[in-house]
Amino acid sequence: MRGALTKLIPPFIKRILVERIFLWLEAYWKKIAGSIPKYELEAIHIKNTQILLDRKQLLEKLPKNSIVAEIGVNKGEFSAEILALNNPQKLHLIDAWSSSRYNQDIMNSVKLRFNQDQRVIINCGFSTEMAHEFQDAYFDWIYIDSDHSYAVTADELANYAPKVKPNGIIAGHDYIVGNWNKMVRYGVIEAVYEFCVKENWELLYITAENKENPSFAIRKIG
């Protein structure tokens with residue numbers, strides 16, 4: 001039925017509709033991008049940066065037998081990789097599982113998946129609200145894969161930076177401009193740049209995979 005109705009629309013009307021949709025999307029994208037602060041890195045922030053092939057290689061570079069947090073867990077697929085490759089003393093899984101896509105059923109499946117692993121501790125709640133649950137200098141490294149917006153990522157970096165040990169690492173996923181398929185503007189890159197400039201941190205690793213969104217890892221300078 002929908003296809004038959006579509007055929008009734010004259011081609012020039014279709015072109016106008018498509019053009020207006022793209023103009024609206026362009027304006028929306030620019031509005032979002034314009035609200036995100038832009039900071040430029042200096043040489044000191046990339047002096048020790050290494051490009052890695054993928055997220056697996058990133059895990060191989062991160063400390064083993066350590067205390068770790070994964071922020072944004074979903075079904076626990078990456079959690080299982082952390083456990084297998086890094087053998088952490090403790091792995092805190094931090095997620096609210098509060099949306100229709102990431103829901104309580106998924107949280108229950110994660111609990112069932114790791115209920116026999118004494119290393120895994122599930123902390124249910126929004127990332128920035130959960131930060132106060134941990135003492136300062138507690139984590140060896142953290143991996144962020146949650147909201148991806150500038151505001152939330154900036155808050156996560158600010159709230160969890162005191163929670164990592166001296167020389168500790170904050171890493172994260174979706175180090176890209178946005179999700180073009182869903183027309184969602186991310187702010188991970190801008191939040192990381194701003195944090196590095198303001199707080200004197202450096203980019204340690206960036207991954208370069210094509211099938212999976214890139215990751216980053218940063219560390220305090222000095």
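**Why these labels? A look at a predicted model**

Val192 and Ile218 touch the most other members of the largest nonpolar core, which has 30 residues. The model is a predicted one.

Q: Which elements each supply at least two residues of this core, and which gives the most?
A: The suppliers are β2 (67-71), β5 (139-144), α8 (150-160), β6 (164-172), α9 (188-199), β9 (201-207) and β10 (216-220). With 5 residues, α9 gives the most.

Q: What does Ile218 touch, leaving aside residues up to four places away in sequence?
A: Ile218 touches Leu157, Gly168, Ile169, Ile170, Val192, Phe195, Cys196, Trp201, Glu202, Leu203 and Leu204. In general, nonpolar side chains of soluble globular proteins tend to be buried together.

Q: Which residues belong to the other core?
A: Another core, of 24 residues, lies apart from the largest one, and Leu52, Phe78, Leu93 and Tyr205 are among its members.

Q: Why is Cys196 called buried?
A: Its relative accessible area is 0%.

Q: What makes Cys124 partly exposed?
A: Cys124 has 40% relative accessibility. Partly exposed is the range between buried, under 20%, and exposed, over 50%, so Cys124 counts as partly exposed.

Q: How many disulfides does the structure hold?
A: There are 0 disulfides in the structure.

Q: Why is the contact between Asp136 and Lys163 called a salt bridge?
A: Their side chains meet at 2.9 Å, N to O. The cut-off for a salt bridge is within 4 Å, so this pair qualifies. The structure holds 7 salt bridges.

Q: Why does the pair of Asp136 and Lys163 tie together parts that are apart in sequence?
A: Asp136 lies in the loop between α7 (127-130) and β5, while Lys163 lies in the loop between α8 and β6, so the parts they tie together are 27 residues apart in sequence. Lys163 counts as buried because its relative accessibility is 11%, and the limit is under 20%.

Q: What joins Arg185 and Glu190, and are they buried or exposed?
A: The side chains of Arg185 and Glu190 form a salt bridge of 2.9 Å, N to O, and both residues are buried.

Q: Why are Glu194 and Lys198 said to be separated by about one helical turn?
A: Both sit in helix α9, 4 residues apart, which means a separation of about one helical turn. Glu194, at 9% relative accessibility, counts as buried, whereas Lys198, at 48%, counts as partly exposed.

Note on methods:
Residues numbered from 1 in each chain as written. Predicted model: local features only at pLDDT ≥ 70, side-chain atom pairs only at ≥ 80, totals over all residues. Heavy atoms only, no water. Disulfide = S-S within 2.5 Å. Buried < 20%, exposed > 50% of the residue type's maximum accessible area, 1.4 Å probe, protein only. Core = buried A, V, L, I, M, F, W, Y, C linked by side-chain atoms within 4.5 Å. Contact = heavy atoms within 4.5 Å.
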